[in-house]
Amino acid sequence: MREMSTSPWTRPHDWAEVVLGVVAVLTPLWMQTDTAAMWTLIVLGALVAIDGLVSLAMPGLVYGEGIQIVLGALLFISPWVIGYSGLTGAAWSSWIIGGLTMIAGAAALPVANAAHDRMAGQH
């Protein structure tokens with residue numbers, strides 16, 4: 001497991017983050033949204049997916065997982081903050097994808113720390 005965690009493109013937590021980000025970006029295609037909800041899902045989803053790709057490419061990048069947790073929290077609270085909690089499908093998508101993103105980021109944090117420690121020991 002330790003070998004897998006230091007190899008680029010092999011960590012399942014980060015792949016989950018990429019998939020969650022892509023689902024958020026595509027959500028306005030199948031859920032009713034207004035302009036604010038659409039752009040919130042697209043922008044936050046793209047940031048989640050991009051950060052997941054960066055974490056996949058650089059497995060020792062610990063702060064990337066912290067960013068995932070923050071992005072997931074922003075996505076989770078966005079229906080209330082941006083004001084689209086009345087759009088049931090878009091709101092539930094934000095809550096579910098945001099919650100899963102926070103869980104994936106938190107689960108990947110110890111793996112990223114181990115990869116970082118191992119890579120730091122090689123210098």
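A helix here is a DSSP run of H or I with at least four residues, numbered from the N terminus. By that rule I placed Thr27 in helix α2. I am working from a predicted model, so I keep that in mind throughout.

**Entry: the whole chain**

I began with the secondary structure. The chain has five helices and zero strands, and along the sequence I read the pattern α-α-α-α-α.

Next I looked up burial. Of the 123 residues in the chain, 41% are buried. I also checked the surface: the chain exposes about 6200 Å², and carbon and sulfur atoms supply 74% of that area.

**Entry: α2 against α3**

I then turned to helix α2, residues 12–30, and helix α3, residues 35–57. Their axes come within 7 Å and cross at roughly 160°. Angles over 145 degrees count as roughly antiparallel, so α2 is roughly antiparallel to α3. I noted the handedness too: this crossing is left-handed.

Which residues make the contact? From α2 I listed Asp14, Trp15, Glu17, Val18, Gly21, Val22, Ala24, Val25, Thr27 and Pro28. From α3 I listed Met38, Leu41, Ile42, Gly45, Ala46, Val48, Ala49, Gly52, Leu53, Ser55 and Leu56. Sorted by class, the contact has 14 nonpolar, five polar and two charged residues.

I picked Val18 first, which lies in helix α2. Val18 counts as buried because its relative accessibility is 11%, and the cut-off for buried is under 20%. Setting aside residues up to four places away in sequence, I found Val18 touching Ala49, Gly52, Leu53 and Leu56. I also checked Val18 against Val48: they are 30 residues apart along the chain, and their C-alpha atoms are separated by 6.6 Å.

Back to Thr27 in α2. Is Thr27 buried or exposed? With 1% relative accessibility, Thr27 counts as buried. Beyond its neighbours within four places in sequence, Thr27 is in contact with Leu41, Ser93 and Ile97. Leu41 is also one of the α3 residues in the contact with α2.

**Entry: α3 against α4**

On the α3 side, the contact is made by Ala36, Thr40, Leu41, Leu44, Leu47, Val48, Asp51, Gly52 and Ser55. On the α4 side, I noted Gly64, Glu65, Ile67, Gln68, Leu71, Leu74, Leu75, Ser78 and Ile82. By class I have ten nonpolar, six polar and two charged residues.

**Entry: Val43**

Val43 has its place in helix α3. I found Val43 partly exposed, at a relative accessible area of 43%. Val43 and Val25 are 18 residues apart in sequence, while their C-alpha atoms are 7.3 Å apart in space.

**Entry: Trp9 and its phi**

Last, I went to the loop between α1 (2–6) and α2, where Trp9 is found. Why did I stop there? Most residues other than glycine have a negative phi. Trp9, however, has a positive phi near 70°. I checked accessibility as well, and at 44% Trp9 counts as partly exposed.

Terms used: Residues are numbered from 1 along each chain as its sequence is written. This is a predicted model: local features need pLDDT of at least 70, side-chain atom pairs count only at pLDDT 80 or more; totals for chains, interfaces and linings use all residues. Side-chain values use heavy atoms; hydrogens and water are left out. Axes are lines fitted to C-alpha atoms, for helices over the stretch in contact, and angles run from 0 to 180 degrees between N-to-C directions. Helices (H or I, at least four residues) and strands (E, at least two) are DSSP runs, numbered from the N terminus. Angles under 35 degrees count as roughly parallel, over 145 as roughly antiparallel, 65 to 115 as roughly perpendicular and the rest as oblique. A crossing is left-handed if the near helix is turned anticlockwise from the far one by less than a right angle, and right-handed if clockwise. Contact means heavy atoms within 4.5 Å. Ala, Val, Leu, Ile, Met, Phe, Trp, Tyr, Cys and Pro count as nonpolar, Asp, Glu, Lys and Arg as charged, and the others, Gly among them, as polar. Buried means under 20% relative accessible area, exposed over 50%, partly exposed in between (1.4 Å probe, protein chains only). Accessible areas come from the Shrake-Rupley method with a 1.4 Å probe; for residues, only the protein chains shown count as cover.
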